[in-house]
Structures are given as structure tokens and as C-alpha cells.
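Hello,

Here is the structure for you to look through. My notes on what turned up follow below it.

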Amino acid sequence: MPEPIRLQKYLAERGVASRRGAEELIRSGRVTINGRKAEIGMSVDPGRDLVAVDGKNLGQQRDRPVVLMLHKPRGYVTTMDDPHAARTVAELVADYPARLFPVGRLDKDSEGLLLMTNDGDLANALTHPSSHVPKVYRVTLRGQVSDAQRDKLSAGMLLDGRRTQPIELRGLLEEPGRTVLQLTLREGRNRQIRRMCEALGLEVLRLKRTALGPLKLGLLNAGQWRELTAEEVRRLKG
């Protein structure tokens with residue numbers, strides 16, 4: 001008989017959300033155990049208890065762990081359920097035969113590589129602050145970027161009272177009306193690149209994530225996805 005496990009872990013294993021996301025679902029009252037509203041700290045018996053999210057029974061069989069690489073287009077919100085959003089990434093993977101959720105976020109106006117999975121433990125490992133998984137972005141800025149501005153981006157700056165980690169910066173293109181930089185981050189604060197650029201008086205025209213850890217977006221077209229190979233998942237887990 002299966003041993004009882006923490007509800008957050010069970011939801012993550014069932015591919016509902018990462019453990020952190022599962023806690024938010026529980027706190028918002030969207031999770032029930034045997035018809036009663038669940039609370040943080042509860043455990044479940046996978047062989048006996050009936051767990052539901054938004055009234056939908058999760059069943060007893062765990063989906064095969066899967067990870068997709070999605071090329072998120074601009075204009076899509078990184079969420080699976082938002083009644084106020086015109087377009088969400090859920091629409092782009094709606095035909096996939098498993099319940100998926102995004103790993104981390106790309107803001108609405110950004111584009112590029114976004115992972116989708118049903119593996120809550122993997123998602124938690126990749127998004128945990130201690131993971132330091134490198135993320136590479138191609139940033140198009142209006143006008144010129146001075147050496148002083150480049151130095152401040154590279155060295156890090158204060159956001160919300162905490163200094164950002166150093167950023168690897170490489171110039172890709174410089175024209176009279178725009179500058180294209182490649183930035184490599186090892187942390188993932190909310191809208192970090194846009195906020196850093198704004199603080200330096202730089203206007204972001206386009207922001208695209210091109211790589212995450214060992215994965216590169218490559219020639220995957222906007223709006224399309226592909227399933228990662230077993231070797232890619234192994235490398236991602238390190």
C-alpha cells in the first residue's frame with residue numbers, strides 16, 4: 001500500500017504544478033481531498049484519497065514525465081489559466097495529450113524558449129533560486145548603449161534593495177537606431193532585464209530568450225513546440 005505523501009509533492013508528481021505552484025493552488029482553495037477543502041501541510045494516501053483541482057479528479061495514474069520546448073510568441077501570457085488574458089501559452093499546447101504547466105516565466109511582451117512539463121520536481125529544481133541555470137537572451141535596444149551603461153548591466157545593480165548577480169554581456173549588433181546585446185543571466189527575478197534597462201534609461205524593443213542551460217531554441221518557429229529527447233532531459237537535470 002502506498003505511503004502517505006505531502007499534498008504539494010503529490011500535486012507536483014501528478015503534473016499539476018511545481019511544488020511552489022501547488023502551494024498557491026491549495027491556499028486559493030482550489031484543491032480538495034475527498035470533497036473537503038485542502039490545507040497546507042496535509043498528506044494524502046495515493047491509493048485511497050480522492051484529490052481534485054477545480055473540481056476535477058486527478059485520478060490514480062501518473063502521466064509519463066515529459067518536457068516540451070516551446071517557442072513562446074510575443075503577446076502570450078505565461079499561465080495555463082487566466083480569464084483576463086486574451087492569449088495564454090495553454091492554447092499553444094492544448095493538443096498535447098498530458099496536463100502541462102510552464103517552467104518559470106516569460107513576460108507577455110517577451111518571446112523565445114519556454115519549457116512546459118508535467119514533472120513538478122524538475123520544474124522546482126530549475127526554478128529554485130539556488131539552481132543558477134544560465135539563461136541567454138537577445139535584447140534589442142533603441143539607439144546606442146554607452147560603455148558606462150554596458151558596465152552597469154554587466155556588474156549588476158540594485159533591484160528591490162538587492163544587487164543583481166553579474167551578467168555576461170556580448171555585443172551582437174550596433175546600428176544608428178538600435179543596439180543588439182546578448183545577456184546571460186543566472187538568476188530569474190521578475191522582469192529583470194526590462195527593469196535594469198529602464199533604470200539605465202534604455203528602451204527595450206525586443207527581448208528573446210534563446211537558450212536555457214544546455215538547450216538552444218535553434219530554428220523552432222514561434223508558436224511551435226517539440227518534445228525534448230531523453231538525452232536533453234538528462235543534460236538538463238545535470
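Leaving out residues up to four places away in sequence, which residues does Ile193 touch? They are Tyr137, Val139, Leu183, Leu185 and Leu207. Please keep in mind that this is a predicted model.

The largest nonpolar core has 31 residues. Ile193 is among those with the most contacts inside it, along with Leu100, Met116, Val139 and Leu141. Six elements are listed as giving two or more residues to this core: strands E7, E9, E10 (135–142), E14 (178–185) and E15, and helix H5 (192–199). A second core is separate and has 17 residues. Leu113, Ala123, Leu212 and Leu215 are included in that one.

Now the chain as a whole. It has six helices and 17 strands. The C-alpha trace spans about 65 × 40 × 35 Å along its principal axes. There are 238 residues, and 46% of them count as buried. Take the contacts with a separation of 6 or more: residues 24 or more positions apart account for 65% of them. The exposed surface comes to about 12900 Å², with 46% supplied by carbon and sulfur atoms. On charge, there are 41 positive and 30 negative side chains. The centres of the two sets lie 2 Å apart.

Next, helix H6, residues 230–237. Glu232, Val233 and Leu236 are buried there. These three cover an arc of only 100° around the axis, so they sit on the same side of H6. Ala230 and Arg234 are on the other side, and they are exposed. What do the buried residues of H6 pack against? The partners are strands E7 (67–72), E9 (111–117), E15 (204–212), E16 (215–216) and E17 (225–227), plus helix H3 (120–127). Just after H6 comes Gly238, with a positive phi of about 75°.

Is Arg150 buried or exposed? Its relative accessible area is 17%, so Arg150 counts as buried, the cut-off being under 20%. Setting aside neighbours within four places in sequence, Arg150 is in contact with Val145, Leu169, Gly171, Glu174, Thr179 and Leu181.

Best wishes

Note on methods: Residues numbered from 1 in each chain as written. Predicted model: local features only at pLDDT ≥ 70, side-chain atom pairs only at ≥ 80, totals over all residues. Heavy atoms only, no water. Buried < 20%, exposed > 50% of the residue type's maximum accessible area, 1.4 Å probe, protein only. Helix = DSSP H or I, 4+ residues; strand = E, 2+ residues; numbered from the N terminus. Arc of directions from axis to C-beta. Contact = heavy atoms within 4.5 Å. Areas by Shrake-Rupley, 256 points an atom, 1.4 Å probe, with all protein chains shown as cover. Lys, Arg positive; Asp, Glu negative; His and termini not counted. Charge placed at Lys NZ, Arg CZ, Asp CG, Glu CD. Core = buried A, V, L, I, M, F, W, Y, C linked by side-chain atoms within 4.5 Å.
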